[in-house]
Each structure stands twice: as C-alpha cells, then as structure tokens.
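Subject: Structure handover and notes

Dear colleague,

I am passing on the structure below, and after it you will find my notes on what was found. Please read them with the model open beside you.

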Amino acid sequence: MKFSHGFQQLKDARDDKFPLSKVLGSSKPKVMSRFHKPGIVMNQGLESSCVGFSCQQLLQSEPVPQKGKTGSWIYREAKKIDEFGPLADGTSVRAGMNVLKANGLIEAYFWANKAQQVIDYLLRYGPVVVGTPWYSQMNNPDRKGMINISGKEEMGHAWLVVGANERTGLIHAINSWGMDYGIAGQFSLSMQDFDVLMQRGGVAAAAIEPGTKL
C-alpha cells in the first residue's frame, strides 16, 4: 500500500498573535476522556493533500458537523496562498486554515504551542488539525491501531485528532488513507509520543467553527 503525505510549514511570527492559551484560559477540563465522532473516512490517494483532507475531516466531525468543500479543493486553494508556491508538494496547516476562514467555514483558529494544550482543547471543545513529522512505522499501525515514533523519517503529515483519554494516556486520531489504515481509518498513539512530535516541529491548529460554544 502506497502512502502520500504532504505537510510542511515555515514559521511565521504572526502566528504568535493567536495562541490557543487565549481560548483555554486558566481553567482545566472537567473530564479526562472525550471522543468526537468523526465524519466519513476519506482517502487522499496519491495526492499530497493531507492538509486539505484533515481540514475536510474537521468540518465533517462533531461537535459541529457541517458540509464543506472537498479535501482536494481545500488543498488546491491552499496551494495558491501558501509559503511554498504552486509547484511544491504539500502545503501548510496555516494555508488550509486560511482557506476555511476565507470561505466562512470557520470563524478563527488558534495555535497550540504544546501537546497538553491540544489535549485540553479536545477535552473541552472539539477536534484539532495537526501537522507533524512522520516516521515509517507510523504507516503501519499494530492490530490495536497503535503507532509509535520509529523507523525512517518521511515527509510531514497532517491528521485530525478527535479524542484523548488521560486515564489511558492515549490520543485518538483519524487519517486520510481510507478504511484499510489502522482501525477503519483511525489510529492511536501515546500522549508521550504526541508530545515528542510536537517538540520536533509539529503544529496544531484549533479552529473555531460557527456555533462552537466556548
């Protein structure tokens, strides 16, 4: 089975004006486990459009499921405005978010600067689009759908985090590689590994969709 990735992102100081800490404040989540039901599992095929499909999955998922543009459309629009130009493979989560915002599909988005902020947002509000380094073992989850950081580093990959369980220490996510990947297109990883991915250059954007109750 061949896998396509497609996430890359350069730093932009303007992102610092929109920290997720503004949304989270100082209060802590009231629950330790939460899973946001995702929409239909998508398949990006051989296109380097994981950012577009992760954004589409966000729109389809709870708590504010909505009909939106396709992952391929979001990717093509992102390529028109990203920092890499139309000839480069892949795009940034930032460009994907800006496409959603420009089309009225989200009201705003904020950046997490560490894994725990992503977990806290998941437990309180909703899914988060992430773009992280990706390693060859992560292409092949085990029988329980678990991945871990091992093997050769590949091109970065974007995916949607839909759940967290602080009792088990696991993050739950949905990929854009069809139903044959992991457990019906979904996978899990430890919070420790997720933290490592974030420290190694991962980014996470929490989008505020119309109707989101903060």
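I begin with the second largest pocket, which has a volume of about 260 Å³. A pocket here is an open set of points on a 1 Å grid over the protein atoms alone, with protein on both sides within 12 Å along at least five of seven lines, whereas a cavity is a set of points where a 1.4 Å probe fits but cannot get out; lining residues have an atom within 4 Å of a point. Grid points are joined across faces, edges and corners, and a volume is the space filled by probe spheres set on the points. Sorted by class, the lining of the second largest pocket has 6 nonpolar, 2 polar and 7 charged residues, where Ala, Val, Leu, Ile, Met, Phe, Trp, Tyr, Cys and Pro count as nonpolar, Asp, Glu, Lys and Arg as charged, and the others, Gly among them, as polar.

Before going further, please note that this is a predicted model, in which local features need pLDDT of at least 70 and side-chain atom pairs count only at pLDDT 80 or more, while totals for chains, interfaces and linings use all residues. Residues are numbered from 1 along each chain as its sequence is written, and side-chain values use heavy atoms, with hydrogens and water left out.

As for the overall fold, the protein has 6 helices and 7 strands, these being DSSP runs numbered from the N terminus (helices H or I, at least four residues; strands E, at least two). Along the sequence they follow the pattern α-β-α-α-α-β-α-β-β-β-β-α-β. The radius of gyration is 15 Å, close to the 17 Å that the globule rule gives for 214 residues, so the protein is as compact as a globular protein of that length; the radius is taken over C-alpha atoms, and the rule is 2.2 Å times the number of residues to the power 0.38. Along its principal axes, the C-alpha trace spans about 45 × 40 × 30 Å.

The largest pocket holds about 550 Å³ of space. It is lined by 21 residues, and the closest to its centre are Lys11, Ala112, Asn113, Gly202 and Val203. Strand E2 (108–112) and helix H6 each supply at least two residues of this lining, with H6 giving the most, at 3 residues. The classes here are 8 nonpolar, 6 polar and 7 charged residues.

There is also 1 cavity of 30 Å³ or more, and the largest cavity has about 50 Å³ of space. Its lining includes Leu58, Pro63, Tyr121, Tyr125 and Glu209, and divides into 7 nonpolar, 2 polar and 1 charged residues.

Two helix pairs remain. H3 and H4 pack at an angle of about 110 degrees with their axes 8 Å apart, which makes H3 roughly perpendicular to H4. Axes are lines fitted to C-alpha atoms, for helices over the stretch in contact, and angles run from 0 to 180 degrees between N-to-C directions; angles under 35 degrees count as roughly parallel, over 145 as roughly antiparallel, 65 to 115 as roughly perpendicular and the rest as oblique. In this contact (heavy atoms within 4.5 Å), Trp73, Ile74, Glu77, Ala78 and Ile81 of H3 meet Ala95, Gly96, Asn98, Val99 and Leu100 of H4. Helices H5 (residues 115–124) and H6 (residues 191–199) pack at about 125 degrees, again with axes 8 Å apart, and are therefore oblique to each other.

With best wishes
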